[in-house]
2 protein chains.
Amino acid sequence: MNRTSGAILVLSGPSGAGKSSLINKIFNDIGSTYFSISTTTRSKREGEIDGVHYHFVSQEEFKREIDEEMFLEYALVHGNYYGTSLGPVKKALKEGKLVIFDIDVQGHDAVQNRLADITTSVFITTPTLEELKKRLLSRSTDSAEIIAKRLDMATREVQRISEYDYLIVNDDLDAAADVLITIAKAARMKIPTQQINEFVQMWAL
Amino acid sequence: MNRTSGAILVLSGPSGAGKSSLINKIFNDIGSTYFSISTTTRSKREGEIDGVHYHFVSQEEFKREIDEEMFLEYALVHGNYYGTSLGPVKKALKEGKLVIFDIDVQGHDAVQNRLADITTSVFITTPTLEELKKRLLSRSTDSAEIIAKRLDMATREVQRISEYDYLIVNDDLDAAADVLITIAKAARMKIPTQQINEFVQMWAL
């Protein structure tokens, strides 16, 4: 019964906290997963591939998809739209996969509102703001202005850690990966409320 | 940060669903644990040892401990008191242990009210009421009257499964044990709200 239904793992945390590295590291250890690829209107960074890192679309196209209710959640961040398309998520859940989301606290809100029964959420961050700043400066993909915005957003987002099921302080990638694998494996054991209700109804017959 | 604080794993479910067998089976696989021993006023069954299966006390002693607020939770079931003493739980949490509770839905309520931030809960049951009846009859430790009461209580308790984080349908002991180990390992990763608040306050300094 536990293995047939899909479930959701939400990962949030500042850009630069190492979410992508962690996801790459655990991917092979946690079984059948679908990594939700966000759709965005922001410009492609060097090395990013359309359909792998993001679905890159125009503002016009994004707004059309909003109107057609094709998003599980979306948000406007630093002037760019980011969203999660509903279709592929539903399909992956039907196939019993663990759907992994890399989304912000607003996105987490939206997922909790619609799919709380099968959702486990993890906030991933650096030990300190100082450390985050160091990492963002060293990866040198962002302008000073963007880094300032990211640090500002991070400072606001950490205030909401207690809304998450788990916190991982990523000060050691291997240790953080071990914790995330443990959490991801348990996340898969969540059963949809509808399925529980059916079980309860049948139980005493 | 994740490993230093204790956490709680609540197991509920009908007597006869295999909770004790499961706990014995997983004990060696999930690291440092403290199994909370309930205090009760019911009579000792054959083979039960005071201080191992329960702390057996008189009604008078139990009521005195209620007055002295020495219980995390307690309840009156089938005319007997069952309760969880607070002292050993606090000590085990301070030592960073995973505290395992085998308690009913009322006890789960009480734990959620006081320690929700570090609590993970699992409801364990047989596939059907019929199967539970079969198991209770075959273990022949209870009178027909007690079995009838247990079945009645089970029927009411399964209605509240959706209050639990996870459901395990114990139709195969090995498979159920694997799921419980996975859940127990993740349960240990919960961080107390107080510790999260301290982290958040220090993060941007």
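In this predicted model, four strands of chain A line up as an open sheet in the order β4-β3-β6-β5, and the pairing is mixed. The two ends of that row are taken by β4 (55-56) and β5 (71-77) of chain A. Each of these edge strands has a single partner, so one side of each is left without a neighbour in the sheet. As a general point, strands of a sheet pair through backbone hydrogen bonds, in either a parallel or an antiparallel way.

Further in, strand β3 (residues 39-40) of chain A pairs with strand β6 (residues 80-85) of chain A. Here the sense is antiparallel, and the pairing runs over two bridges. Within this stretch, T40(A) sits opposite Y82(A) of β6(A).

Two helices go with the β5 and β6 part of the sheet. Helix α3 (residues 86-94) of chain A lies across β5 and β6 of chain A, running at about 30° to β6(A). Helix α4 (residues 105-115) of chain A also packs on the sheet and touches β5 and β6 of chain A. The direction of α4(A) makes about 160° with that of β5(A).

Then there is the contact between the chains. On the chain A side 25 residues take part, meeting 25 residues of chain B. Three elements of chain A, namely β9 (166-169), α7 (173-187) and α8 (193-203), each supply at least two residues of the side that touches chain B. The largest share comes from α7(A), with five residues. Sorted by class, the side of chain A that touches chain B holds 16 nonpolar residues, seven polar ones and two charged ones.

Definitions and conventions. Residues are numbered from 1 along each chain as its sequence is written. Chains are lettered from A and ligands numbered from 1 in the order in which they are written. This is a predicted model: local features need pLDDT of at least 70, side-chain atom pairs count only at pLDDT 80 or more; totals for chains, interfaces and linings use all residues. Two residues are in contact if their C-beta atoms, placed from the backbone, lie within 7 Å. Ala, Val, Leu, Ile, Met, Phe, Trp, Tyr, Cys and Pro count as nonpolar, Asp, Glu, Lys and Arg as charged, and the others, Gly among them, as polar. Two strands pair if DSSP finds at least two bridges between them. Axes are lines fitted to C-alpha atoms, for helices over the stretch in contact, and angles run from 0 to 180 degrees between N-to-C directions.
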